[in-house]
Amino acid sequence: MDAILALLENNDIFNPTTLAHYWDGLVNTVQLVFLSLVLGLVLAVPLAIMRTSKKPWINWPVWCFTYVFRGTPLLIQLYMIYYGVTLIDGIQESVFWVIFERAFYPCLIAFTLNTAAYTTEIFRGAIEATPRGEIEAAKAYGMSAAKRMRRIVLPSAFRRAIPAYSNEVVFMLHSSAIASTVTIIDLTGAARDIYARFYAPFQAYIFAALIYLCLTFTIFYIFKQLEKRMLGHLRPR
Amino acid sequence: MLDLHGYGPSIFNGAILTIQLAFLSLLIAVLLGLLGASGKLSSKRPLRWLSTLYTTLIRGVPDLVLMMLIYFGGQIGINAVTDWLYNTSDGAIDIFFQVNPFVAGVATIGFIFGAYMSETFRGAFMAVENGQIEAGKAYGMTGWQVFNRIMFPQMMRHALPGLGNNWQVLLKTTALVSVIGLADMVNLATEAAKTVREPFIFFVPVALVYLALTTVSEWVFRQLKRRYSVGVMEG
(Lines give C-alpha, C1' and ligand atoms only; values in the text may rest on other atoms or scores of the structure.)
Protein backbone atom coordinates (compact mmCIF):
# COMPACT_ATOMS: atom_id res chain seq x y z
CA MET A 1 0.00 0.00 0.00
CA ASP A 2 2.82 2.39 0.92
CA ALA A 3 4.58 1.47 -2.28
CA ILE A 4 1.48 2.37 -4.30
CA LEU A 5 1.09 5.69 -2.51
CA ALA A 6 4.77 6.48 -3.04
CA LEU A 7 4.38 5.67 -6.74
CA LEU A 8 1.35 7.94 -6.94
CA GLU A 9 3.28 10.80 -5.40
CA ASN A 10 6.29 10.33 -7.61
CA ASN A 11 4.68 10.75 -10.99
CA ASP A 12 2.90 13.62 -12.62
CA ILE A 13 0.30 11.77 -14.61
CA PHE A 14 -1.34 9.20 -12.39
CA ASN A 15 -2.65 11.30 -9.52
CA PRO A 16 -6.04 10.82 -7.81
CA THR A 17 -7.74 13.24 -10.24
CA THR A 18 -6.70 11.43 -13.40
CA LEU A 19 -7.33 8.03 -11.83
CA ALA A 20 -10.85 9.18 -10.99
CA HIS A 21 -11.22 10.24 -14.64
CA TYR A 22 -10.16 6.78 -15.78
CA TRP A 23 -12.59 5.27 -13.26
CA ASP A 24 -15.50 7.30 -14.70
CA GLY A 25 -14.44 6.14 -18.16
CA LEU A 26 -14.37 2.52 -17.04
CA VAL A 27 -17.86 2.86 -15.53
CA ASN A 28 -19.17 4.32 -18.80
CA THR A 29 -17.57 1.58 -20.89
CA VAL A 30 -18.88 -1.23 -18.70
CA GLN A 31 -22.34 0.31 -18.53
CA LEU A 32 -22.56 0.79 -22.28
CA VAL A 33 -21.26 -2.67 -23.13
CA PHE A 34 -23.32 -4.48 -20.52
CA LEU A 35 -26.60 -2.73 -21.41
CA SER A 36 -26.15 -3.17 -25.15
CA LEU A 37 -25.26 -6.85 -24.73
CA VAL A 38 -28.33 -7.54 -22.58
CA LEU A 39 -30.67 -5.64 -24.90
CA GLY A 40 -29.03 -7.20 -27.96
CA LEU A 41 -29.48 -10.68 -26.50
CA VAL A 42 -33.16 -10.03 -25.79
CA LEU A 43 -33.67 -8.88 -29.39
CA ALA A 44 -31.60 -11.69 -30.88
CA VAL A 45 -33.60 -14.64 -29.54
CA PRO A 46 -36.88 -13.92 -31.36
CA LEU A 47 -34.96 -12.70 -34.42
CA ALA A 48 -32.97 -15.94 -34.57
CA ILE A 49 -36.16 -17.99 -34.35
CA MET A 50 -37.66 -15.91 -37.18
CA ARG A 51 -34.44 -16.32 -39.16
CA THR A 52 -34.75 -20.12 -39.06
CA SER A 53 -38.32 -19.95 -40.35
CA LYS A 54 -38.97 -21.47 -43.75
CA LYS A 55 -41.50 -18.78 -44.64
CA PRO A 56 -39.68 -16.15 -46.71
CA TRP A 57 -41.76 -13.21 -45.45
CA ILE A 58 -40.61 -13.99 -41.89
CA ASN A 59 -37.07 -15.00 -42.73
CA TRP A 60 -36.22 -12.33 -45.30
CA PRO A 61 -36.64 -9.11 -43.24
CA VAL A 62 -34.41 -10.55 -40.51
CA TRP A 63 -31.86 -11.60 -43.12
CA CYS A 64 -31.83 -8.03 -44.46
CA PHE A 65 -31.31 -6.64 -40.96
CA THR A 66 -28.36 -8.90 -40.14
CA TYR A 67 -26.89 -8.49 -43.63
CA VAL A 68 -26.83 -4.70 -43.42
CA PHE A 69 -25.63 -4.49 -39.82
CA ARG A 70 -22.92 -7.11 -40.28
CA GLY A 71 -21.83 -5.76 -43.65
CA THR A 72 -21.17 -2.15 -42.61
CA PRO A 73 -18.79 -0.74 -39.99
CA LEU A 74 -20.22 -0.03 -36.55
CA LEU A 75 -18.71 3.45 -36.79
CA ILE A 76 -21.00 4.29 -39.74
CA GLN A 77 -24.02 2.91 -37.88
CA LEU A 78 -23.12 5.02 -34.86
CA TYR A 79 -22.63 8.17 -36.95
CA MET A 80 -25.91 7.62 -38.76
CA ILE A 81 -27.83 7.31 -35.53
CA TYR A 82 -25.92 10.01 -33.65
CA TYR A 83 -25.72 12.68 -36.36
CA GLY A 84 -28.86 11.49 -38.08
CA VAL A 85 -30.97 12.08 -35.01
CA THR A 86 -29.28 15.17 -33.62
CA LEU A 87 -29.42 16.99 -36.95
CA ILE A 88 -33.13 16.39 -37.59
CA ASP A 89 -34.89 19.76 -37.78
CA GLY A 90 -36.86 20.55 -34.67
CA ILE A 91 -35.65 17.60 -32.61
CA GLN A 92 -33.98 19.94 -30.15
CA GLU A 93 -37.35 21.46 -29.27
CA SER A 94 -39.22 18.15 -29.05
CA VAL A 95 -39.74 15.88 -26.05
CA PHE A 96 -37.32 13.32 -27.46
CA TRP A 97 -34.42 15.71 -26.92
CA VAL A 98 -34.20 14.60 -23.28
CA ILE A 99 -33.16 11.17 -24.57
CA PHE A 100 -30.89 12.30 -27.39
CA GLU A 101 -29.28 15.25 -25.65
CA ARG A 102 -26.58 13.00 -24.30
CA ALA A 103 -24.65 10.89 -26.79
CA PHE A 104 -25.23 7.90 -24.52
CA TYR A 105 -28.57 6.83 -25.94
CA PRO A 106 -27.79 7.07 -29.67
CA CYS A 107 -24.65 5.11 -28.86
CA LEU A 108 -26.57 2.49 -26.90
CA ILE A 109 -29.04 2.09 -29.78
CA ALA A 110 -26.26 1.62 -32.33
CA PHE A 111 -24.37 -0.90 -30.19
CA THR A 112 -27.55 -2.82 -29.35
CA LEU A 113 -28.63 -3.17 -32.98
CA ASN A 114 -25.11 -4.17 -34.04
CA THR A 115 -24.66 -6.86 -31.41
CA ALA A 116 -28.23 -8.07 -31.98
CA ALA A 117 -27.37 -8.69 -35.65
CA TYR A 118 -24.24 -10.71 -34.88
CA THR A 119 -25.92 -12.60 -32.02
CA THR A 120 -28.91 -13.46 -34.23
CA GLU A 121 -26.61 -15.18 -36.71
CA ILE A 122 -24.77 -17.01 -33.91
CA PHE A 123 -28.07 -18.32 -32.50
CA ARG A 124 -29.35 -19.20 -35.95
CA GLY A 125 -26.33 -21.41 -36.48
CA ALA A 126 -26.83 -23.02 -33.07
CA ILE A 127 -30.56 -23.62 -33.66
CA GLU A 128 -29.93 -25.14 -37.08
CA ALA A 129 -27.35 -27.49 -35.56
CA THR A 130 -29.97 -29.13 -33.33
CA PRO A 131 -29.76 -32.90 -33.90
CA ARG A 132 -32.68 -34.05 -36.01
CA GLY A 133 -33.43 -36.95 -33.66
CA GLU A 134 -34.16 -34.60 -30.76
CA ILE A 135 -36.78 -32.76 -32.76
CA GLU A 136 -38.32 -36.00 -34.01
CA ALA A 137 -38.47 -37.32 -30.45
CA ALA A 138 -40.18 -34.11 -29.30
CA LYS A 139 -42.68 -34.42 -32.14
CA ALA A 140 -43.31 -38.04 -31.21
CA TYR A 141 -44.17 -36.87 -27.70
CA GLY A 142 -46.81 -34.65 -29.24
CA MET A 143 -45.17 -31.34 -28.35
CA SER A 144 -46.41 -28.25 -30.19
CA ALA A 145 -43.92 -26.18 -32.19
CA ALA A 146 -43.71 -23.55 -29.43
CA LYS A 147 -43.16 -26.08 -26.69
CA ARG A 148 -40.55 -27.86 -28.81
CA MET A 149 -38.70 -24.60 -29.28
CA ARG A 150 -38.90 -23.72 -25.57
CA ARG A 151 -38.02 -27.08 -24.08
CA ILE A 152 -35.82 -28.82 -26.62
CA VAL A 153 -34.30 -26.54 -29.24
CA LEU A 154 -33.45 -23.34 -27.34
CA PRO A 155 -31.84 -24.84 -24.21
CA SER A 156 -29.40 -26.90 -26.23
CA ALA A 157 -28.88 -24.14 -28.82
CA PHE A 158 -27.92 -21.66 -26.08
CA ARG A 159 -25.29 -24.07 -24.82
CA ARG A 160 -23.87 -24.61 -28.28
CA ALA A 161 -23.76 -20.85 -28.85
CA ILE A 162 -21.62 -20.08 -25.78
CA PRO A 163 -18.15 -20.28 -27.40
CA ALA A 164 -19.11 -18.09 -30.35
CA TYR A 165 -21.03 -15.71 -28.10
CA SER A 166 -18.02 -15.20 -25.82
CA ASN A 167 -16.12 -13.92 -28.86
CA GLU A 168 -18.96 -11.54 -29.66
CA VAL A 169 -18.86 -10.17 -26.09
CA VAL A 170 -15.14 -9.42 -26.32
CA PHE A 171 -15.65 -7.97 -29.79
CA MET A 172 -18.33 -5.67 -28.39
CA LEU A 173 -16.04 -4.53 -25.56
CA HIS A 174 -13.38 -3.62 -28.10
CA SER A 175 -15.82 -1.95 -30.47
CA SER A 176 -17.17 0.16 -27.62
CA ALA A 177 -13.97 2.24 -27.83
CA ILE A 178 -15.53 4.14 -30.73
CA ALA A 179 -18.05 5.66 -28.32
CA SER A 180 -15.25 8.11 -27.57
CA THR A 181 -15.67 9.56 -31.08
CA VAL A 182 -19.14 10.91 -30.25
CA THR A 183 -18.14 12.85 -27.11
CA ILE A 184 -18.70 10.01 -24.64
CA ILE A 185 -15.98 9.80 -21.99
CA ASP A 186 -15.47 6.05 -21.95
CA LEU A 187 -12.14 4.41 -21.13
CA THR A 188 -10.68 5.45 -24.50
CA GLY A 189 -12.15 8.94 -24.12
CA ALA A 190 -10.53 9.26 -20.70
CA ALA A 191 -7.19 8.14 -22.14
CA ARG A 192 -7.52 10.75 -24.90
CA ASP A 193 -8.25 13.50 -22.36
CA ILE A 194 -5.22 12.57 -20.32
CA TYR A 195 -3.06 12.33 -23.42
CA ALA A 196 -4.19 15.83 -24.43
CA ARG A 197 -3.60 17.19 -20.92
CA PHE A 198 -0.06 15.82 -20.42
CA TYR A 199 0.99 15.06 -24.02
CA ALA A 200 2.02 11.59 -22.83
CA PRO A 201 0.51 9.13 -25.32
CA PHE A 202 2.38 6.07 -24.09
CA GLN A 203 1.36 6.33 -20.44
CA ALA A 204 -2.20 7.49 -21.18
CA TYR A 205 -3.05 4.83 -23.77
CA ILE A 206 -1.06 1.94 -22.32
CA PHE A 207 -2.84 2.39 -19.01
CA ALA A 208 -6.21 2.21 -20.78
CA ALA A 209 -4.99 -0.77 -22.84
CA LEU A 210 -4.06 -2.64 -19.66
CA ILE A 211 -7.54 -2.09 -18.21
CA TYR A 212 -9.09 -3.37 -21.46
CA LEU A 213 -6.78 -6.37 -21.29
CA CYS A 214 -7.94 -7.16 -17.74
CA LEU A 215 -11.59 -6.84 -18.81
CA THR A 216 -10.97 -9.15 -21.79
CA PHE A 217 -9.33 -11.81 -19.63
CA THR A 218 -12.13 -11.56 -17.07
CA ILE A 219 -14.74 -12.12 -19.78
CA PHE A 220 -12.84 -15.11 -21.16
CA TYR A 221 -12.49 -16.55 -17.65
CA ILE A 222 -16.21 -16.19 -16.89
CA PHE A 223 -17.16 -17.84 -20.18
CA LYS A 224 -14.67 -20.64 -19.63
CA GLN A 225 -16.31 -21.41 -16.28
CA LEU A 226 -19.73 -21.21 -17.91
CA GLU A 227 -18.62 -23.57 -20.68
CA LYS A 228 -17.29 -26.01 -18.11
CA ARG A 229 -20.66 -26.06 -16.39
CA MET A 230 -22.94 -25.98 -19.41
CA LEU A 231 -20.93 -27.93 -21.97
CA GLY A 232 -19.36 -30.46 -19.58
CA HIS A 233 -21.12 -33.32 -21.36
CA LEU A 234 -19.37 -32.48 -24.64
CA ARG A 235 -15.83 -32.43 -23.26
CA PRO A 236 -13.56 -35.13 -24.66
CA ARG A 237 -12.71 -37.57 -21.91
CA MET B 1 -31.06 11.73 -58.39
CA LEU B 2 -28.79 11.64 -55.39
CA ASP B 3 -27.52 15.15 -54.65
CA LEU B 4 -24.18 15.05 -52.83
CA HIS B 5 -23.78 18.87 -52.83
CA GLY B 6 -20.54 18.59 -54.82
CA TYR B 7 -18.94 16.21 -52.34
CA GLY B 8 -19.36 13.20 -54.64
CA PRO B 9 -15.86 13.17 -56.21
CA SER B 10 -14.06 13.65 -52.90
CA ILE B 11 -16.03 10.84 -51.26
CA PHE B 12 -15.21 8.66 -54.27
CA ASN B 13 -11.51 9.39 -53.71
CA GLY B 14 -12.06 8.46 -50.08
CA ALA B 15 -13.45 5.11 -51.19
CA ILE B 16 -10.33 4.47 -53.29
CA LEU B 17 -8.20 5.30 -50.24
CA THR B 18 -10.23 2.89 -48.10
CA ILE B 19 -9.62 0.10 -50.62
CA GLN B 20 -5.88 0.84 -50.84
CA LEU B 21 -5.66 0.91 -47.08
CA ALA B 22 -7.48 -2.41 -46.76
CA PHE B 23 -5.30 -4.21 -49.32
CA LEU B 24 -1.99 -2.89 -48.00
CA SER B 25 -2.88 -3.77 -44.42
CA LEU B 26 -4.03 -7.21 -45.55
CA LEU B 27 -0.61 -7.75 -47.12
CA ILE B 28 1.17 -6.80 -43.88
CA ALA B 29 -1.29 -8.84 -41.81
CA VAL B 30 -0.74 -11.99 -43.89
CA LEU B 31 3.05 -11.65 -43.71
CA LEU B 32 2.96 -11.03 -39.97
CA GLY B 33 0.45 -13.85 -39.59
CA LEU B 34 2.74 -16.33 -41.37
CA LEU B 35 5.64 -15.18 -39.21
CA GLY B 36 3.56 -15.34 -36.05
CA ALA B 37 2.26 -18.82 -36.86
CA SER B 38 5.77 -20.11 -37.60
CA GLY B 39 6.87 -18.56 -34.32
CA LYS B 40 4.10 -20.28 -32.41
CA LEU B 41 4.94 -23.64 -33.96
CA SER B 42 8.69 -23.14 -33.63
CA SER B 43 10.77 -25.45 -31.47
CA LYS B 44 12.64 -22.46 -30.01
CA ARG B 45 11.12 -21.32 -26.77
CA PRO B 46 11.86 -17.53 -27.04
CA LEU B 47 10.18 -17.43 -30.46
CA ARG B 48 7.13 -19.27 -29.15
CA TRP B 49 6.98 -16.98 -26.17
CA LEU B 50 7.32 -13.82 -28.27
CA SER B 51 4.60 -14.76 -30.76
CA THR B 52 2.21 -15.84 -27.98
CA LEU B 53 2.78 -12.49 -26.27
CA TYR B 54 2.09 -10.70 -29.57
CA THR B 55 -1.18 -12.49 -30.33
CA THR B 56 -2.47 -12.36 -26.74
CA LEU B 57 -1.74 -8.68 -26.13
CA ILE B 58 -2.98 -7.44 -29.48
CA ARG B 59 -6.20 -9.44 -29.38
CA GLY B 60 -6.97 -8.18 -25.87
CA VAL B 61 -6.90 -4.45 -26.65
CA PRO B 62 -9.35 -2.44 -28.80
CA ASP B 63 -8.14 -1.52 -32.32
CA LEU B 64 -8.86 2.16 -31.74
CA VAL B 65 -6.66 2.32 -28.62
CA LEU B 66 -3.80 0.60 -30.46
CA MET B 67 -4.24 2.97 -33.38
CA MET B 68 -4.07 6.02 -31.11
CA LEU B 69 -1.04 4.55 -29.37
CA ILE B 70 0.83 3.94 -32.61
CA TYR B 71 -0.23 7.18 -34.28
CA PHE B 72 0.38 9.58 -31.38
CA GLY B 73 3.05 7.54 -29.63
CA GLY B 74 4.83 6.64 -32.87
CA GLN B 75 5.63 10.28 -33.62
CA ILE B 76 7.10 10.84 -30.15
CA GLY B 77 9.05 7.58 -30.39
CA ILE B 78 10.50 8.51 -33.79
CA ASN B 79 11.31 12.01 -32.59
CA ALA B 80 13.19 10.53 -29.64
CA VAL B 81 15.23 8.35 -31.99
CA THR B 82 16.04 11.16 -34.44
CA ASP B 83 16.92 13.53 -31.56
CA TRP B 84 19.24 10.91 -30.15
CA LEU B 85 20.87 10.45 -33.58
CA TYR B 86 21.24 14.23 -33.92
CA ASN B 87 22.85 14.59 -30.50
CA THR B 88 25.19 11.61 -30.70
CA SER B 89 26.41 12.56 -34.18
CA ASP B 90 26.87 16.25 -33.16
CA GLY B 91 24.34 17.38 -35.72
CA ALA B 92 25.74 15.41 -38.66
CA ILE B 93 22.60 13.28 -38.96
CA ASP B 94 19.66 15.60 -39.14
CA ILE B 95 16.52 13.81 -40.24
CA PHE B 96 12.89 14.52 -39.59
CA PHE B 97 10.06 12.05 -39.99
CA GLN B 98 6.45 13.11 -39.93
CA VAL B 99 4.25 10.10 -39.15
CA ASN B 100 1.67 10.27 -41.85
CA PRO B 101 -1.80 9.02 -40.97
CA PHE B 102 -1.92 6.68 -43.98
CA VAL B 103 1.27 4.89 -42.97
CA ALA B 104 0.15 4.82 -39.33
CA GLY B 105 -3.21 3.39 -40.41
CA VAL B 106 -1.72 0.68 -42.62
CA ALA B 107 0.90 -0.24 -40.01
CA THR B 108 -1.62 -0.40 -37.19
CA ILE B 109 -4.30 -2.36 -39.00
CA GLY B 110 -1.69 -4.72 -40.44
CA PHE B 111 -0.11 -5.18 -37.02
CA ILE B 112 -3.47 -5.87 -35.32
CA PHE B 113 -4.75 -8.31 -37.91
CA GLY B 114 -1.38 -10.03 -38.07
CA ALA B 115 -2.23 -11.34 -34.60
CA TYR B 116 -5.58 -12.72 -35.77
CA MET B 117 -3.96 -14.17 -38.90
CA SER B 118 -1.32 -15.90 -36.74
CA GLU B 119 -4.05 -17.85 -34.98
CA THR B 120 -5.74 -18.74 -38.26
CA PHE B 121 -2.52 -19.89 -39.91
CA ARG B 122 -1.38 -21.79 -36.82
CA GLY B 123 -4.54 -23.90 -36.88
CA ALA B 124 -4.22 -24.39 -40.64
CA PHE B 125 -0.57 -25.45 -40.50
CA MET B 126 -1.44 -27.97 -37.80
CA ALA B 127 -4.14 -29.42 -40.04
CA VAL B 128 -1.55 -30.47 -42.64
CA GLU B 129 -0.48 -34.02 -41.92
CA ASN B 130 3.01 -34.55 -40.66
CA GLY B 131 3.56 -37.40 -43.13
CA GLN B 132 3.28 -34.92 -46.01
CA ILE B 133 6.16 -32.87 -44.66
CA GLU B 134 8.23 -35.98 -44.01
CA ALA B 135 7.56 -37.19 -47.54
CA GLY B 136 8.71 -33.82 -48.88
CA LYS B 137 11.90 -34.00 -46.87
CA ALA B 138 12.45 -37.60 -48.02
CA TYR B 139 12.40 -36.31 -51.61
CA GLY B 140 15.30 -34.06 -50.65
CA MET B 141 13.33 -30.79 -50.75
CA THR B 142 14.74 -27.82 -48.89
CA GLY B 143 12.75 -26.20 -46.05
CA TRP B 144 11.51 -23.47 -48.39
CA GLN B 145 10.46 -25.99 -51.04
CA VAL B 146 8.53 -28.01 -48.47
CA PHE B 147 6.77 -24.83 -47.38
CA ASN B 148 6.11 -23.50 -50.85
CA ARG B 149 5.08 -26.72 -52.59
CA ILE B 150 3.55 -28.83 -49.83
CA MET B 151 2.58 -26.87 -46.74
CA PHE B 152 1.25 -23.67 -48.27
CA PRO B 153 -1.17 -25.05 -50.89
CA GLN B 154 -2.68 -27.51 -48.40
CA MET B 155 -2.68 -25.05 -45.53
CA MET B 156 -4.59 -22.46 -47.53
CA ARG B 157 -7.63 -24.71 -47.79
CA HIS B 158 -7.90 -24.86 -44.01
CA ALA B 159 -7.00 -21.20 -43.55
CA LEU B 160 -9.50 -19.77 -46.07
CA PRO B 161 -12.62 -19.61 -43.84
CA GLY B 162 -10.67 -17.86 -41.07
CA LEU B 163 -8.87 -15.67 -43.59
CA GLY B 164 -12.20 -14.63 -45.11
CA ASN B 165 -13.58 -13.73 -41.69
CA ASN B 166 -10.52 -11.70 -40.77
CA TRP B 167 -10.66 -9.85 -44.08
CA GLN B 168 -14.31 -8.90 -43.53
CA VAL B 169 -13.50 -7.56 -40.06
CA LEU B 170 -10.40 -5.77 -41.39
CA LEU B 171 -12.42 -4.08 -44.11
CA LYS B 172 -14.81 -2.64 -41.55
CA THR B 173 -11.97 -1.68 -39.20
CA THR B 174 -10.54 0.62 -41.88
CA ALA B 175 -13.38 3.02 -40.98
CA LEU B 176 -11.47 3.78 -37.76
CA VAL B 177 -8.69 5.62 -39.60
CA SER B 178 -11.15 8.48 -40.05
CA VAL B 179 -10.71 9.11 -36.32
CA ILE B 180 -6.96 9.79 -36.65
CA GLY B 181 -7.66 12.30 -39.38
CA LEU B 182 -7.06 10.25 -42.52
CA ALA B 183 -9.34 11.40 -45.32
CA ASP B 184 -11.05 8.10 -46.02
CA MET B 185 -14.67 8.00 -47.12
CA VAL B 186 -16.02 7.97 -43.56
CA ASN B 187 -13.99 11.04 -42.64
CA LEU B 188 -15.09 12.95 -45.76
CA ALA B 189 -18.72 11.93 -45.33
CA THR B 190 -18.67 13.12 -41.71
CA GLU B 191 -17.23 16.49 -42.72
CA ALA B 192 -19.81 16.86 -45.48
CA ALA B 193 -22.65 15.78 -43.19
CA LYS B 194 -21.69 18.36 -40.58
CA THR B 195 -21.36 21.13 -43.16
CA VAL B 196 -24.53 20.47 -45.11
CA ARG B 197 -26.45 19.17 -42.04
CA GLU B 198 -27.80 16.24 -44.05
CA PRO B 199 -26.28 13.13 -42.47
CA PHE B 200 -28.20 10.42 -44.30
CA ILE B 201 -27.46 11.44 -47.87
CA PHE B 202 -23.74 11.08 -47.10
CA PHE B 203 -23.68 8.11 -44.76
CA VAL B 204 -26.05 5.90 -46.76
CA PRO B 205 -23.84 5.84 -49.91
CA VAL B 206 -20.76 5.15 -47.76
CA ALA B 207 -22.57 2.29 -46.00
CA LEU B 208 -23.59 0.93 -49.42
CA VAL B 209 -19.97 0.97 -50.61
CA TYR B 210 -18.95 -1.06 -47.55
CA LEU B 211 -21.86 -3.42 -48.14
CA ALA B 212 -20.79 -3.87 -51.76
CA LEU B 213 -17.19 -4.52 -50.71
CA THR B 214 -18.18 -7.17 -48.15
CA THR B 215 -20.54 -8.81 -50.63
CA VAL B 216 -17.89 -8.98 -53.37
CA SER B 217 -15.36 -10.32 -50.86
CA GLU B 218 -17.70 -13.08 -49.85
CA TRP B 219 -18.09 -14.11 -53.48
CA VAL B 220 -14.32 -14.03 -54.08
CA PHE B 221 -13.68 -16.20 -51.04
CA ARG B 222 -16.28 -18.71 -52.21
CA GLN B 223 -14.42 -18.96 -55.54
CA LEU B 224 -11.07 -19.28 -53.79
CA LYS B 225 -12.44 -22.00 -51.55
CA ARG B 226 -13.49 -23.95 -54.61
CA ARG B 227 -10.06 -23.42 -56.16
CA TYR B 228 -8.16 -24.66 -53.10
CA SER B 229 -10.51 -27.57 -52.44
CA VAL B 230 -9.81 -29.21 -55.80
CA GLY B 231 -9.47 -32.94 -55.26
CA VAL B 232 -11.07 -32.92 -51.83
CA MET B 233 -14.27 -34.87 -51.33
CA GLU B 234 -16.79 -33.26 -49.05
CA GLY B 235 -19.48 -35.31 -47.42
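Predicted model: local features only at pLDDT ≥ 70, side-chain atom pairs only at ≥ 80, totals over all residues.
Modeller: Residues are numbered from 1 along each chain as its sequence is written, and chains are lettered from A in the order in which they are written.

Biologist: Why are α4(A) and α8(B) called roughly antiparallel?

Modeller: Helix α4 (residues 74-86) of chain A and helix α8 (residues 199-228) of chain B pack at an angle of about 170°, and angles over 145 degrees, on a scale from 0 to 180 between N-to-C directions, count as roughly antiparallel; the two are therefore roughly antiparallel to each other.

Biologist: Which residues of α4(A) and α8(B) meet?

Modeller: Residues are in contact if their C-beta atoms, placed from the backbone, lie within 7 Å, and among those that meet are Ile76(A) and Tyr79(A) in α4(A) and Phe203(B) and Val206(B) in α8(B). By class, this contact has 10 nonpolar, 1 polar and no charged residues, where Ala, Val, Leu, Ile, Met, Phe, Trp, Tyr, Cys and Pro count as nonpolar, Asp, Glu, Lys and Arg as charged, and the others as polar.

Biologist: What is Val206(B) in contact with, leaving aside its neighbours within four places in sequence?

Modeller: Val206(B) is in contact with Ile76(A), Ile11(B), Met185(B), Val186(B) and Ala189(B).

Biologist: How many residues of chain A are in contact with chain B?

Modeller: In chain A, 29 residues are in contact with 28 residues of chain B, and the largest share of the side of chain A, 10 residues, comes from α10(A).

Note on methods
Contact = placed C-beta atoms within 7 Å. Helix = DSSP H or I, 4+ residues; strand = E, 2+ residues; numbered from the N terminus. Parallel < 35°, antiparallel > 145°, perpendicular 65-115°, else oblique.
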